[in-house]
Structure formats: structure tokens, C-alpha cells
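Please open the structure in your viewer and keep the selection panel at hand. The tour below moves from one selection to the next and says what is found at each.

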Amino acid sequence: MLASSLGAVSAQEKPLIIARNLAVNSLDPARTSCDTCNIFLYAVYETLVRLGDDNKTIIPALAQKWEVNGDNTEFTFHLNPKAVFADGSPVEAKDVKWSWDRLTNLQGGMAWLFETVKSIETPDAHTVVVKLAQPDSEFLGKVIAPYAGIVNSDVAIEHGAKAGKDDAATDSAEPWFLANSAGSGPYALESYSPNDELRFKRNAAYWDKPAAIEEIVIKQTKDSVAQAQVLQSGDVDIAMQIAPDTAKTINAPGVTVETVPSYNFIYMAISPGAKSNKVPMDTKVRQAIAYALDYQGIIDFTIGGAGKMVPVAIPNGFPGTDGLPMPVHNVEKAKALLKEAGLADGFDIESVFPNENYYGVDMSTLMQLVQQDLAKVNIRLQLKPVTFPVWLDTVKGDGTSLTASFYAPDYYGTDQYVKTFGMIPGTRWLKRSGAERVQGVLNMEEKALLDKAVASPTEARDKLYNEIALEMIKDRVIVPLVGPDTVLAYSSKVQGMKYSVTAVLPLQDLSIKK
């Protein structure tokens, strides 16, 4: 039993236990990148600003106020003088500069968040001035990302951490960060056992509202069914990765199950430049493929209706997505487009895709539904499920005519999606789709609009992002299939459960009903 492994404690002292597949790659803020890592970092390492409960509004955190210049190239943060690290020492501007320099210079998975930073100045102990090499209206969103949390530089340096441009090879602090933390958040790391548990203790020196729960443990529990079992038995208080079909089987007294919209989505990618293409995958053919799909049917069958349609490869609710047209299922329109393209008799096409499960969506089941829908317009799809590493090698190489994958936000901001899925120079999917090998796919209008958006104030920026989204819909290279809801499953005694775009689950908001 999970509870027995935690030792004999009184009811008042019992930790709150969370069942989750840990999948931790590191606990070093400059090296880590994973969903569990987001939970950990958000609880332990405070950021300068954070998102409010509406997952949209930017509110103070370590910085009590900030200013932005007219073209979004200079950001000035004023630190709260009350802020202290877990050892009681003050959070100062030097810690901000050191933390962000280290994130950039160690070149971990999230170093790109600060790739446009030209300089970080610290005119005094409580002021940080960041100057960018180019406008970025969403820089505050990147500052909110848990990976931008501030580390106690004096403590970290003492244990081998370095922040210089040439220090990546000699920084030796990662093992220390697996057993210790040096943050200013409401929790501190108590212990970590790989593939077993991640244990938090309340930071007694926390400078803001203290956490309500003394100790929290995330216990390794790999799959949805196992998590549901330990939740219903009372061995855990929260199960974090319950699939929608599993959620329907939970019927235990004292357990609450609810679904909320998420910012994750599963998408299909059509590659006009894949070397396996049997026919030209021009705009009409890509539009026909998109019209052939029964989006609501996909949502109903794969996750029992627990999801939303997503019109573009930007999450619903992100800047620029208001009022976008939802995807349409129209078999006759698809057939007409194929006829116009000279393909009324259809064609053969291959799909290499990762044989995985993302957010409760089984990719093999999903692709079988796509196969059935395309067959109705005489497109014969050959499915080739592979492991994720093989899939990644495929899309980075010769490509595959049609595939599917998933995406989750790294921070609250739309530019990350345009720079990933837009058909503009340098984006991940311009290259993966082979668009550089064929004519008529590159969309420089998206690039022009993006350049304007990142230099604009919020209202104008969001209008420009809406225009970009409409262009991305017309591209029909990336076609979102489903935005799975997030299942919140927990003991009814737990209060403060919520889904956060940055933290996944903000531990400091949790409490236990007495």
C-alpha cells in the first residue's frame, strides 16, 4: 500500500499524496523539462510574475511591479523587498540575472526562452532591466514559465553551479539539485527517489501567503488505471493522469471527478514535401483531407466526448483565438476538391505516427478513425505505427505524407505556436513537412504579421495573432484533431484543485478540509 510506505504519522501530520507518473529528467532549473518538473519548479522556485487564476492575467510575484517600453524591447522589474529564499537571505537582482544567464548558457531544453535577451542589467539590489535584441510582446509570458524561476545564486554556486557562457561543461551542480533546492517558493524539496517519489516540505521562510499543507508527496504510479485504483482505495488524495474512459469507472464515496478544458491538443500534419508522396499534396488536396474528417466523431470515440474542437494549432483561449471558425466535416466538399485536383478516384498515402497515448488519446485508435474517414473520399491511408524515437527520426528526415502528434504549451503565449507550426522560415513544421522542397507552401504573410504582433501592445497584438491564425488555417498543413479535457480526480477533502497552464497543478493552492 502506498500510504504504509510513508511511515506512521498522525492524521494531522499525514502528507497529501499525489499519484502521477513522475517521468522526471532533472530537478536542476536550468536543465529540467517535463510536466512533473513544471509542478516542482512552480512550487519551489518563484518567478518574477505569474498567471492569475483565470490563466490569462499577469500578476505580481517576486516583482511587485514592472514597466515595458513602447516597442517591447526593454522590461524593467522591481523586486519585492520582502522576498526571501528558503534560507532567509533576500532575493536580489543579482540572483535574477544569474538564474537567467545560467538557463541560457547551460543550453538546456528551455534555454530558447531567453534567446532574444541582449543584456540583463542590475542597477540596484531590487531592480532588473532586461533589454532584448528584437521586440517581444510576449516576453512576460516567458518570464512566467516555471523554468524562469529564480535560484539562490550564492547557495547554488557553493555547490558547483555556474552561469558563464563557457561553463556548461564544468557546471557540476545537477546531482546536488536532485537532493536539495535553493528557491524562494512556498515549498522546498525534501527528497527525491527516482521512479519512486518526489517529496515537498513547506518553506517556513516563505515571504508571501504560506502553503496550507506541511508535506506533499508525488508518488510514482505509472498508468491511469493504477492511479484510479489507489485513489478509490484512499491510498492517495489526488490522481493526476486519469484518462477520460477511466474517469467514467470511478464511483467511490468521497472522491470527486471533474473535467476542465486544457491547453493541450492532438494534431494531424500533412507534408506537401514528403518524399513518400504519391501525388502532389497541394492546397486543394490538403483542404480535402481536412474536410473529410469527422472531428466530433473523433472526440466522441477517442475520449468519450471529453474534449473540444481546436480550430488552429494554437490552444483555445490563447491570444488571437477568439472568434475563429471551427473545423467542418463535409464529405461532399472533400470529394469536390479532389475532383478539381484531378484525383476523383483517390490515391494511396502513408502515415508514420508515434504509437503512444497522449492525454488519454490512443494514437493508433485515432489514426484508424482518420483512415476510415479518408476512405470515404477514396484516400487509401496506410498506417505505420512506430516508437516515438523512430517517428522523430522520420519527420526530421524524409518525412511522411501524413502524421499526428501532440503539443502542450511551454508558457502562456501565442508566438511559440506560430514559430512551431507556421509556414514561415525557420519553423519546426515548415522543415518537417518538406515545404521548403515544394512551391506555394511558404507563407510570408504570417511572418510579416508576427513581426508586427511582437512589437505591438496587447490589444493590437491579439488582433494580429487572429489574422495569423486565419492564415495558418488556410495553410492546411497542421490540422488540430482534438483538445482533450483534463480530468481532475481527487479526495473530496482536498480543496483548491485547478488546472494551470504553467504549473499544471499549483501545490500552494491546495488545502485539506478539516
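This is a predicted model: local features need pLDDT of at least 70, side-chain atom pairs count only at pLDDT 80 or more; totals for chains, interfaces and linings use all residues.

Colour its buried residues, among them Arg461, Leu464, Tyr465, Ile468, Met472 and Asp475. An α-helix has 3.6 residues a turn, so residues three or four places apart point the same way.

From Asp475, move to Gly440, which lies 9.7 Å away in space, C-alpha to C-alpha, although the two are 35 residues apart in sequence. Gly440 sits in the loop that runs between helix 14 (428-432) and helix 15 (444-453), and because its relative accessibility is 69%, Gly440 counts as exposed.

Finally, select Arg20, which belongs to strand 1 (residues 16-20). Arg20 is buried yet forms no salt bridge, and the nearest side chain of opposite charge, that of Asp35, is 4.1 Å away; the cut-off for a salt bridge is 4 Å, between a side-chain nitrogen and a carboxyl oxygen. To see the surroundings of Arg20, show the residues it touches, including Asp35, Thr36, Ile39, Ile218, Lys219, Gln227 and Met240, a list that leaves out residues up to four places away in sequence.

Terms used
Residues are numbered from 1 along each chain as its sequence is written. Side-chain values use heavy atoms; hydrogens and water are left out. Helices (H or I, at least four residues) and strands (E, at least two) are DSSP runs, numbered from the N terminus. Buried means under 20% relative accessible area, exposed over 50%, partly exposed in between (1.4 Å probe, protein chains only). Lys and Arg count as positive and Asp and Glu as negative; His and the chain ends are not counted. Contact means heavy atoms within 4.5 Å.
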